[in-house]
Amino acid sequence: MAEHAAHAQAHAPINYIRVYQMLLALLMVSVLGPLIGIKIVTLITAFGIAVVKAYLVAKNFMHVNVQPRFVVYLLCTVLVFMVLFFAGTAPDVMEHHGDNWVKPEVVQASSVHHE
Amino acid sequence: MRPIATTRSAAGLPTGTLAVWWVLASEIVIFGGLLGSYIMYRLNHDAWSAQAANTSLPIGAFNTFVLLTSSLTAVLGHQAAERGDGKRAAKLLRYTCVGAATFITVKAFEWTHEIREGLTITSNTFWSFYYTAAGLHALHVIAGAILMLFVAADAAKNRELHRVELIGIYWHFVDIVWIFLFPLLYIAK
């Protein structure tokens, strides 16, 4: 209990209702954004706002900012691994050909085209 | 006397909290890999837009609202536990469980409708991702709600109040995963 009380003191007072209202406002924007029908606006309102909402939840509800620094490093490390995974596999998934390789379905499609 | 493992603080934070952060770090890799793969395929297959058009934005938005609200009750429960008010913490955790039950019920109706429309996990790669990602997330919601009921039962007796924070951290993570699933599966069409 003593540790718990000490941990409680480390938290700056946060108005959770205010944070919740901000999250709901952002949710409304992310829903209304696509109605405009402009792709870039949809991307910004949907994914940009998702990042902001995740930040608000992590900071204010999970209290990541008052955890020991190594917790932040731990989370950042796994996020870097995610980026490495994406960067390492995206060329194979998203490209149809590269140095000395072509996807079988591309070869098949081109042979059908030549016939 | 309490077991040493629950009170030592060699890492600068209680062992239970450390364990939850380790779990979440592994969860980030699991969901990150899944969502990263989805994004790769999504960017490469414009035809997926037509499939994504079958998902219901209002239902997705409602479930986002439900999870955000349940996160609020979870953090208010944590606040009550910090003040030593176990009864209020338990009450708020049970409200969070109601949110979880609402989320799962809505998802069940949504999936029933989609499956009746012939959109199953084997329909194509989009729906495979859709059911895998949303299903894995739903399993986390169910697991979290069950654990929360146990924590709430103890908290109501003013026991193990530190666990209210631990289950809260997990719950907020589940909320964050949905925050990213929502635009990927329901908005990007």
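**From a loop to the helix contacts**

Tutor: Let's start with A:His63, which sits in the loop of chain A between helix H3 (39–61) and helix H4 (69–94). This is a predicted model, so read every value here as computed from it. The backbone at A:His63 has a phi near 55 degrees, a positive value in a residue that is not glycine. As background, most residues other than glycine have a negative phi. A:His63 counts as buried because its relative accessibility is 2%, and the cut-off for buried is under 20%.

There's a partner case in the other chain. B:Asn158 also isn't a glycine, and its phi is positive at about 60 degrees. Where is B:Asn158? In chain B, in the loop between helix H5 (125–156) and helix H6 (162–187). Here the accessibility is 47%, so B:Asn158 counts as partly exposed.

Now the chain around A:His63. Chain A has five helices and two strands. Reading from the N terminus, the order is α-α-α-α-β-β-α. If you take the contacts in chain A between residues at least 6 apart in sequence, 47% of them join residues at least 24 apart.

Step back into helix H3 of chain A and you find A:Ala54. With a relative accessibility of 9%, A:Ala54 counts as buried. What does A:Ala54 touch, leaving aside neighbours within four places in sequence? The contacts are B:Ile176, B:Ile179 and B:Phe180. Within chain A, the C-alpha atoms of A:Ala54 and A:Leu23 are separated by 9.3 Å, and these two residues are 31 apart along the chain.

A:Leu23 is a handy bridge, as it's one of the H2(A) residues that meet H3(B). Helix H2 (residues 16–32) of chain A and H3(B) have axes that come within 10 Å and cross at roughly 170 degrees. Angles over 145 degrees count as roughly antiparallel, so that is the label for H2(A) and H3(B). On the chain A side, the residues in this contact are A:Tyr16, A:Ile17, A:Tyr20, A:Leu23, A:Leu24, A:Leu27 and A:Val31. Facing them from H3(B) are, among others, B:Phe65, B:Leu68, B:Leu72 and B:Val75. By class, the contact of H2(A) with H3(B) divides into 14 nonpolar residues, three polar and no charged.

H3(B) has another partner, this time in its own chain. Helix H3 (residues 57–82) of chain B packs with helix H4 (residues 86–116) of chain B at about 165 degrees, and the axes are 8 Å apart. That angle makes H3(B) roughly antiparallel to H4(B). Their crossing is left-handed. The H3(B) residues involved include B:Phe62, B:Val66, B:Leu67 and B:Leu76, and those in H4(B) include B:Leu92, B:Tyr95, B:Phe103 and B:Val106. This contact of H3(B) with H4(B) has 13 nonpolar, seven polar and three charged residues. B:Leu76 turns up in both stories, meeting H2(A) as well as H4(B).

B:Leu67 and B:Phe103 then lead us to another histidine. B:His137 lies in helix H5 of chain B and is buried, with a relative accessible area of 0%. Which residues does B:His137 touch, not counting those up to four places away in sequence? They are B:Phe31, B:Leu67, B:Phe103, B:Val174, B:Val177, B:Trp178 and B:Leu181.

The axes of helix H1 (residues 15–44) of chain B and H5(B) come within 11 Å and cross at roughly 160 degrees, which means H1(B) is roughly antiparallel to H5(B). H1(B) passes H5(B) in a left-handed crossing. In H1(B), B:Ile30, B:Phe31, B:Leu34 and B:Tyr38 are among the residues involved, and in H5(B) they include B:Phe129, B:Leu136, B:His137 and B:His140. The residues of the contact of H1(B) with H5(B) come out as nine nonpolar, four polar and one charged.

Definitions and conventions:
Residues are numbered from 1 along each chain as its sequence is written. Chains are lettered from A and ligands numbered from 1 in the order in which they are written. This is a predicted model: local features need pLDDT of at least 70, side-chain atom pairs count only at pLDDT 80 or more; totals for chains, interfaces and linings use all residues. Side-chain values use heavy atoms; hydrogens and water are left out. Helices (H or I, at least four residues) and strands (E, at least two) are DSSP runs, numbered from the N terminus. Contact means heavy atoms within 4.5 Å. Axes are lines fitted to C-alpha atoms, for helices over the stretch in contact, and angles run from 0 to 180 degrees between N-to-C directions. Angles under 35 degrees count as roughly parallel, over 145 as roughly antiparallel, 65 to 115 as roughly perpendicular and the rest as oblique. A crossing is left-handed if the near helix is turned anticlockwise from the far one by less than a right angle, and right-handed if clockwise. Ala, Val, Leu, Ile, Met, Phe, Trp, Tyr, Cys and Pro count as nonpolar, Asp, Glu, Lys and Arg as charged, and the others, Gly among them, as polar. Buried means under 20% relative accessible area, exposed over 50%, partly exposed in between (1.4 Å probe, protein chains only).
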